[in-house]
Amino acid sequence: MPLPSIPDYSNAIKTPQLVHPSVLKGGHPIIKGVNTIKYAGGFCVVFPYETPTNKYAVRCWHAEVSETKKRTQLIAETLKSCTLPYFVGFEYYEDGIMTPIGKQPIVVMDWVNALPLKKYIAAHLNEPNTINLLADNFKVMVSDLHKQHLSHGDLQHGNIMVKDDGSLVLVDYDSMYVPTLKGMKDEIKGLVGYQHPSRWENEIVTEKADYFSELVIYTSLKVLAMDNSYWKRLNMENTETMLFSKEDITSAGSSPIFGELRKFSEIKPLVDTLCEFMAFDSIDKLEPLEQAVVSKANAIASKWAQGNGYSPSKPHIDSADDIKAKWGKGNGYKAPTTKEMADKIRSKWKKK
């Protein structure tokens with residue numbers, strides 16, 4: 001079934017009578033000059049929309065996703081009952097907007113007063129502690145999602161917003177996995193440079209969809225905190241990737257950047273894990289970030305465990321002369337002579 005084009009939506013949303021949700025009454029899209037501000041993606045177009053009391057993001061579908069209505073309703077229901085702080089208000093309206101080909105559904109989301117991930121990094125690039133804290137917050141966020149069996153499905157810089165205090169908010173939920181979506185098709189794959197090579201052949205939505213993206217983002221943040229020259233060298237602010245390009249991800253770990261990053265002792269375990277992940281033929285074999293990081297640390301520790309051929313060196317035992325020297329004159333201790341020691345031992349064994 002054909003859907004309205006982006007120009008169709010751009011024209012319709014400027015007419016208040018064609019926009020039906022009561023929450024948007026009295027409002028209007030944001031216009032700059034003669035242009036209606038919008039952000040277009042592969043499946044949706046988003047219009048910033050202001051009312052007398054609030055600002056919203058209005059999402060309209062211009063490309064077909066199977067079972068859109070059911071998917072969106074199930075995601076909305078899950079997020080309403082979810083207590084995690086990483087999501088914004090999210091409402092689905094089946095008869096949201098009138099277009100040249102009839103009424104169409106829309107999603108109305110609360111507007112987020114935060115910076116996209118890359119803009120936040122750019123603003124704090126010379127503050128390694130801030131970038132490290134961002135990495136820590138990111139790790140906590142994805143761990144919290146895992147505990148509730150949730151996956152964003154398109155985890156990348158444009159869908160991660162950072163508030164002034166460094167806390168994180170996720171946007172764009174069309175690609176999400178929630179448990180009630182189990183068995184549905186995996187149609188929104190995410191950005192190249194963030195996705196595991198096998199994601200493109202994955203058929204069913206899964207809570208493991210973010211596992212590779214998580215490691216890519218976390219590793220990128222840890223590297224930037226250690227050496228921010230990569231930001232400029234790789235022109236990261238103006239690319240659609242983080243630290244690794246599409247070619248890096250499809251190189252099976254042979255790109256020069258992986259060898260270069262292994263020189264950093266803190267980064268090497270992350271790079272090794274990333275390369276191990278790239279060798280897998282399915283995202284089902286991947287591990288969540290918090291487990292992958294711990295697993296690598298444990299693997300390193302196990303190399304030093306007993307029973308694997310490693311023999312610790314014997315402790316050095318000082319000679320009698322060394323001991324005497326350590327307790328020489330000036331410290332109040334007088335070492336016994338050899339004759340005195342022999343007499344003492346002999347006295348313990350003499351017959352009574």
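This is a predicted model: local features need pLDDT of at least 70, side-chain atom pairs count only at pLDDT 80 or more; totals for chains, interfaces and linings use all residues.
Residues are numbered from 1 along each chain as its sequence is written, and side-chain values use heavy atoms, with hydrogens and water left out.

Let's begin with the whole chain. Of the 352 residues, 43% count as buried. Here buried means under 20% relative accessible area, exposed means over 50%, and partly exposed is in between, using a 1.4 Å probe and protein chains only. Contact means heavy atoms within 4.5 Å. Among contacts between residues at least 6 apart in sequence, 61% join residues at least 24 apart.

Now turn to helix α5, residues 211-226. This helix has 16 residues and reaches 23 Å from its first C-alpha to its last, close to the 22 Å expected at 1.5 Å a residue; the expected span is 1.5 Å times one less than the number of residues. Helix α5 is mostly covered, with 15 of its 16 residues buried.

What covers it? Part of the picture is helix α4 (residues 128-147), which packs with α5 at an angle of about 165 degrees, their axes 8 Å apart. Axes are lines fitted to C-alpha atoms, for helices over the stretch in contact, and angles run from 0 to 180 degrees between N-to-C directions. The two helices are therefore roughly antiparallel to each other, a label for angles over 145 degrees, while under 35 counts as roughly parallel, 65 to 115 as roughly perpendicular and the rest as oblique. Residues of α4 including I131, L134, F138 and V142 take part in this meeting, and those of α5 include Y211, I217, L221 and L224.

Helix α9 is another partner: its axis and that of α5 come within 10 Å and cross at roughly 155 degrees. That makes α5 roughly antiparallel to α9. On the α5 side, the residues that meet α9 include F212, L215 and T219, and on the α9 side they include L270, L274 and F277. Helix α9 (residues 268-279) has 12 residues and reaches 17 Å from first C-alpha to last, close to the expected 16 Å. Among its buried residues are L270, L274, F277 and M278.

D248 lies in helix α7 (residues 246-249) and, at 12% relative accessibility, counts as buried. D248 and F258 are 10 residues apart in sequence and 8.4 Å apart in space, C-alpha to C-alpha.

P100 sits in the loop between β7 (90-99) and β8 (102-110) and is exposed, with a relative accessible area of 64%.

Finally, the cysteines. A disulfide is a pair of cysteine sulfur atoms within 2.5 Å, and by this rule the count comes to 0 disulfides. The sulfur of C44 is 7.8 Å from the closest cysteine sulfur, in C60, which is too far for a bond. C44 is buried, with a relative accessible area of 5%, and C82 is buried at 11%.

Terms used: Helices (H or I, at least four residues) and strands (E, at least two) are DSSP runs, numbered from the N terminus.
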